[in-house]
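Trainee: I have a new model to read today. Can you walk me through it?

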Amino acid sequence: INSALSKEELRTIVYESRNLISRRNQDMLLSVLDLEKVSVDDIMVPRNEIVGININDDWKSVVRQLSHSPHGRIVLFRDSLDDCVGMLRVREAWRMMTEKKEFTKETLLRAADEIYYIPEGTPLNTQLVKFQRNKEKAGVVVDEYGDIKGLVTIEDILEEIVGDFTTSMSPSLAEEVMPQNDGSVLIEGSASVREINKAFNWQLPEQEARTINGMLLEALEEIPVIATRVQIGHYNIDILDVQDNMIKQVRITPKTPLKKSVGS
């Protein structure tokens, strides 16, 4: 007899155990069960935002970029991101810089790891296992033609599980949002819809587009003009800035139902 529980049965048990399990742990368990519903495409850093170093740049420029890199891993490429030559652990590069041994492009390239490729559409639960099995922590997402679509790390997947419990939003998101006293939020068009939903507990549609700009273009099917107001679900969205056919900034105001006064 197969006594294994289905995911829905596990979900029901977690819900019904809310008096025994803290809300924090309950939400974390449900996030694990939901990993199969989310793919690497949903959480990856898109291609145009991947930070890399052109190994064909002059050596001083390469060293300067390494010295100021805010990232733990960085892609090395030759002239174009399509010609990736390795994934470098920046800490390893810093260690090599401080040693008295010769530090050149050749030693840097030898220190880089081979690029680990991830097929687009891979569910997060599958990729988490693959990262562990292959002893990898970061990979480049590619489509069926081998073209690079983005970059994802094991930390990104773990963030999906425990992200709701971090004490502050990610540094990148913090730079893209400005909560206002009236309950609205000023948001850059490049901000991730998924991160916005997680940070503010909203339900903006995130299936069709990754960014706020993409979500609005998908909804309107045209480039809106400044001062346009769009209603999506329970949210009023005012377009504040449009440049180069891209929405640069919006104000999103959740439409909250009127609350009953105390004692009514």
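Trainee: Which residue forms a salt bridge with Asp 82?

Mentor: A salt bridge is a side-chain nitrogen of Lys or Arg within 4 Å of a carboxyl oxygen of Asp or Glu. Here Arg 47 is the partner of Asp 82, with the closest N and O atoms 2.9 Å apart. The pair links distant parts of the chain, 35 residues apart. Asp 82 sits in strand β4 (residues 80–89), and Arg 47 in the loop between β1 (45–46) and β2 (52–54).

Before we go on, this is a predicted model: local features need pLDDT of at least 70, side-chain atom pairs count only at pLDDT 80 or more, and totals for chains, interfaces and linings use all residues. Residues are numbered from 1 along each chain as its sequence is written, and side-chain values use heavy atoms, with hydrogens and water left out.

Trainee: Is Asp 82 buried or exposed?

Mentor: Buried means under 20% relative accessible area, exposed over 50%, partly exposed in between (1.4 Å probe, protein chains only). Asp 82 has 52% relative accessibility, so it counts as exposed. Arg 47 has 31%, so Arg 47 counts as partly exposed.

Trainee: How many salt bridges does the structure hold?

Mentor: It holds six. One of them joins Arg 95 and Glu 92, with the closest N and O atoms 2.5 Å apart. Both lie in helix α5 (residues 90–98), three residues apart, about one turn of the helix. Arg 95 is partly exposed at 37%, and Glu 92 is partly exposed at 22%. Another salt bridge joins Asp 238 and Arg 229 (2.8 Å, N to O). Asp 238 is buried, at 15% relative accessible area.

Trainee: How are helices and strands assigned?

Mentor: They are DSSP runs, numbered from the N terminus: helices are H or I, at least four residues, and strands are E, at least two. This chain has 11 helices and 12 strands.

Trainee: At what angle do the axes of α4 and α5 cross?

Mentor: Axes are lines fitted to C-alpha atoms, for helices over the stretch in contact, and angles run from 0 to 180 degrees between N-to-C directions. Helix α4 (residues 59–67) and α5 cross at roughly 120°, their axes coming within 10 Å. Contact means heavy atoms within 4.5 Å. Val 63, Leu 66 and Ser 67 of α4 make the contact with Val 90, Ala 93, Trp 94 and Met 97 of α5.

Trainee: What share of the 264 residues is buried?

Mentor: Buried residues make up 38% of the chain.
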